[in-house]
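Welcome, and take a moment to turn the model around before reading on. The paragraphs below will walk you through it piece by piece.

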Amino acid sequence: MLKRFRYQIAIFLSVIGPGLITANVDNDSGGIFTYSQAGAKYGYLPLWTLIPITLLLIVTQEMSSRMGAVTGKGLSDLIREEFGLRTTFFLMIALVLTNYLNVIAEFAGIASSLELFHISRYISVPICAAAVWLLVVRGNYRSVEKIFLVACTLYVTYIISAFLLKPDWKEAAIYSVKPILMFDTDYITMLIAMVGTSIAPWMQFYLQSAIVEKGITAKEYVQSRIEVVVGCILTDVVAFFIIVSCATAIWAHGPRDINDAADAAVALKPFGQYAYLLFSAGLFNASFFAACILPISTAFTVCEGLGFESGVDKRFNEAPEFYWLYTLLIALGAGVILWPNFPLVKTILASQVLNGVLLPFVLIYMVLLINKKGLMKEWTNSGAYNAVAWVSVAIMIGLTLALVSITVKQIMQASAAPIERSAPFAKMQSYDPSRQALKADIHESRIAHLIRQTLRIGKFAD
Amino acid sequence: MADEFLFLTELLGLKVYDLKGRRLGLVKDAALVPLIDPSRVDRFLVGGGWAWLSIRHDQIRSISLDGIYLKDEQLTPYHSDEYMLRLVRDLLDQQIIDGQGRKVVRVTDVTFTIRHEEEGDVLSIIDIDIGLRSMWRRLAQGVVPPRWIRRTQSIIPPHSIPWEQCSILEADPQRRLRLNISNKILEEMHPADLADIVEDLSPDDREAIFETIDSEVAAETLSEIEPDVQASILESLETEKAADIVEEMSPHEAADVLAELEEQTSEDILEEMEGEPKAEVEELLEYHEHSAGGLMNTEFVALPEDTTVAGAMDALRAHEEILENLNTLFLVDSNDQLTASIPLARLFTTAGATPLRELAADPLLHVDVEERQDRITELFDKYNLLTLPVIDAEGKLAGVITADEVISLLREK
């Protein structure tokens with residue numbers, strides 16, 4: 001009996017490949033908080049985005065994996081070879097910045113999940129950062145990867161919770177197919193963040209490299225494609241239930257923002273006293289899992305694109321750029337969290353917005369590459385594929401421009417109002433009067449402050 | 001003063017002037033024709049009006065940062081040519097193999113020397129530039145004046161590879177010939193280094209290398225590569241070439257590789273193989289991968305029981321090719337039954353007439369072909385073995401397991 005069970009587990013694990021891993025890392029701390037925020041603030045309203053997001057997710061991930069299988073090269077390699085150093089360089093700078101915020105988000109996820117149990121972030125974050133660094137560099141990451149994957153079944157709690165909460169299924173069904181667009185900063189920011197968290201730019205680089213590393217060739221690619229599609233659908237099924245749970249448990253009692261992990265954990269309240277435990281375990285696993293993958297994947301992507309030596313099998317002096325980048329991403333990513341009163345959840349949400357802003361640029365290069373006959377031979381895109389991709393690029397750029405224009409307009413209006421206070425303290429207070437309630441935030445980091453000011457993430461706190 | 005060197009980043013965008021000093025256009029690319037000269041720039045491709053012009057090296061009077069001056073009016077339009085290695089299209093930003101550092105690198109820039117000869121200036125590649133200095137040149141190219149770039153770059157340490165140490169990657173075997181790409185650099189490397197390089201390449205490039213290098217080098221390299229990559233390489237090759245390579249491998253390594261392949265491919269390759277190695281490989285393939293039979297190799301020296309030390313020395317002289325990894329001799333009786341194992345080193349301190357039997361290691365350790373891996377590693381550990389004989393069901397010596405096989409096994413875990 002036990003033997004048979006073991007055998008089945010072995011079969012299950014052997015089919016898990018890059019597609020499913022990517023899908024699970026997709027719902028990292030950024031994903032959980034963004035979907036929770038969407039549900040808590042707008043109820044069932046944002047559900048309609050999930051169908052187009054799933055479609056776009058399938059299209060992009062399928063493209064990444066196809067490119068990996070056919071060319072046997074990573075995405076940054078291809079961009080470098082086909083578009084030259086300068087393009088690659090600036091794209092990599094943007095990617096490092098975005099991914100840096102994402103790394104912060106993962107450590108913020110770790111910190112906030114453990115703070116539910118009153119474990120101070122000054123203990124949890126340094127320990128986890130060191131653990132991540134060692135796990136990956138010492139090469140024992142592969143052996144724990146399966147554990148993370150199995151722990152991802154914790155997402156099932158959202159599905160159970162959604163049913164126990166007895167949501168208004170009729171309304172949820174209607175809003176799943178009924179697009180609602182509002183020209184409102186918060187709402188547009190939310191939309192960009194939702195796309196950005198589901199289809200994170202770094203994931204395209206990661207997936208393609210993973211396919212290459214696994215040695216999947218064009219011939220064997222058909223099986224991988226199925227896995228990729230299943231993974232994408234799974235990702236968004238989880239997203240759907242997170243939103244529904246939050247809509248029912250939080251929004252139905254009055255729309256509000258998610259300010260910390262305790263707020264988000266309310267979505268699992270049917271589990272009573274275990275809600276915190278389940279939420280915390282799920283969030284911790286997701287954050288730690290992604291924290292293992294994200295910095296190393298960024299270091300690989302950048303070093304491959306720019307032509308530096310890379311790989312954990314190299315010694316430090318053989319691949320200094322690689323190790324520096326990797327180490328700095330983790331050290332600075334975790335270090336920022338330790339800043340007094342660092343706003344965890346807001347940073348997590350901001351990182352996902354930045355993902356959404358970078359995404360169209362990565363997509364443009366992907367579509368250009370995958371249509372090159374010399375590169376892809378008979379595996380180039382079909383017309384319908386290109387149409388979906390280009391339309392998505394247009395929509396994402398449109399949304400970004402809308403966000404920028406609204407933000408600029410608001411800043412203009414704000415600066416038109418006579419504000420004559422020179423002390424930086426006063427200035428920070430003046431930019432958003434609603435911050436009275438968040439006095440403790442005054443000490444927050446300058447970076448987060450700037451990001452919020454430009455993206456108006458602060459408006460989430462309304 | 002005339003410049004002594006030039007970078008590709010500077011060459012691109014240089015103005016080209018004709019005999020009367022009129023501007024013809026800007027340099028867009030440059031090409032070598034390696035069949036004629038492996039490092040001299042043979043053509044300059046100049047974009048001006050409608051199409052690109054092709055300027056031969058012997059039509060040039062001078063080259064400097066101020067521009068290229070011609071001495072001939074007869075310019076021809078550019079036509080793509082399979083014999084040309086175009087530096088921007090085929091080399092810049094592409095991966096090449098650095099034979100000196102034994103790794104795959106990406107080309108960021110190219111350094112030329114300018115030789116001032118009687119008939120005109122000649123441009124030749126001397127270095128392939130990688131690293132930060134060349135990266136700064138690329139980023140500043142066209143934005144900062146070239147002389148400023150030269151001045152500012154000196155604070156960054158250079159990182160270059162001599163052109164003759166570079167091996168270009170080209171996946172098309174036909175074009176490899178036309179571009180005169182030699183495999184000498186690769187064939188002279190240690191197979192383990194070449195294996196590391198190959199693992200870093202894309203499948204097409206791997207295939208191209210294995211398709212063209214010497215079968216013996218290919219075999220040695222292949223046995224150093226990770227199993228799943230081994231399989232994908234062999235599957236991508238023509239069956240005939242694959243069989244040639246597998247024949248060159250030692251039988252137990254060949255069997256290991258073939259076991260990784262899809263059954264059909266592995267049968268096709270076996271079909272193409274010839275003679276003795278084929279029979280041995282087929283026999284080894286019968287054993288389970290994780291048993292003693294799967295681990296053993298069939299390269300051992302078995303001598304009759306009554307052999308003397310002098311006789312053994314004579315036998316070894318006749319088989320010098322196996323000496324490198326040999327550390328144990330075996331004695332078998334008339335029915336091929338294993339009777340003793342003799343540590344090789346003892347031969348050197350013993351008189352020639354002594355029978356080998358007297359030097360036998362005690363106890364005589366051996367395992368059955370069906371023996372499990374963990375039991376074998378345990379024996380190696382317990383008795384500090386270098387070699388362990390394996391016997392088949394009839395008690396005949398079937399092969400030996402060596403310590404390096406056990407080390408690989410333990411590293412896999």
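Two strands are said to pair if DSSP finds at least two bridges between them; helices (H or I, at least four residues) and strands (E, at least two) are themselves DSSP runs, numbered from the N terminus. With that in hand, look at B:Asp98, which stands opposite B:Cys166 in strand 15 of chain B. Strand 15 is joined by three bridges to strand 10 (residues 95–98) of chain B, and the two run antiparallel. They belong to an open sheet of three strands in chain B, with the order 11-10-15 and antiparallel pairing. Strand 11 and strand 15 (166–168) of chain B are its edge strands, each pairing on one side only.

Before going further, a word on the ground rules. This is a predicted model, in which local features need pLDDT of at least 70 and side-chain atom pairs count only at pLDDT 80 or more, while totals for chains, interfaces and linings use all residues. Residues are numbered from 1 along each chain as its sequence is written, and chains are lettered from A and ligands numbered from 1 in the order in which they are written.

Now step back to chain B as a whole. It has 18 helices and 21 strands. Its C-alpha trace spans about 95 × 45 × 40 Å along the principal axes.

Which residues of helix 9 of chain B are buried? They are B:Val217, B:Ala218, B:Ala219, B:Glu220, B:Thr221 and B:Leu222. Because six of the eight residues of helix 9 (residues 215–222) of chain B are buried, this helix is largely enclosed by the rest of the structure. Its buried residues pack against several helices of chain B, including helix 7 (191–200) and helix 12 (251–260).

Finally, see where the chains meet. Here 15 residues of chain B are in contact with 13 residues of chain A, contact being C-beta atoms, placed from the backbone, within 7 Å. Strand 11 (103–106), helix 3 (132–140), helix 8 (203–212) and helix 10 (227–236) of chain B each supply at least two residues of the side that touches chain A. That side of chain B divides into six nonpolar, four polar and five charged residues, where Ala, Val, Leu, Ile, Met, Phe, Trp, Tyr, Cys and Pro count as nonpolar, Asp, Glu, Lys and Arg as charged, and the others, Gly among them, as polar.

Conventions. Two residues are in contact if their C-beta atoms, placed from the backbone, lie within 7 Å. A residue is buried if 20 or more other C-beta atoms lie within 10 Å of its own, exposed if 12 or fewer, and partly exposed in between; C-beta atoms are placed from the backbone.
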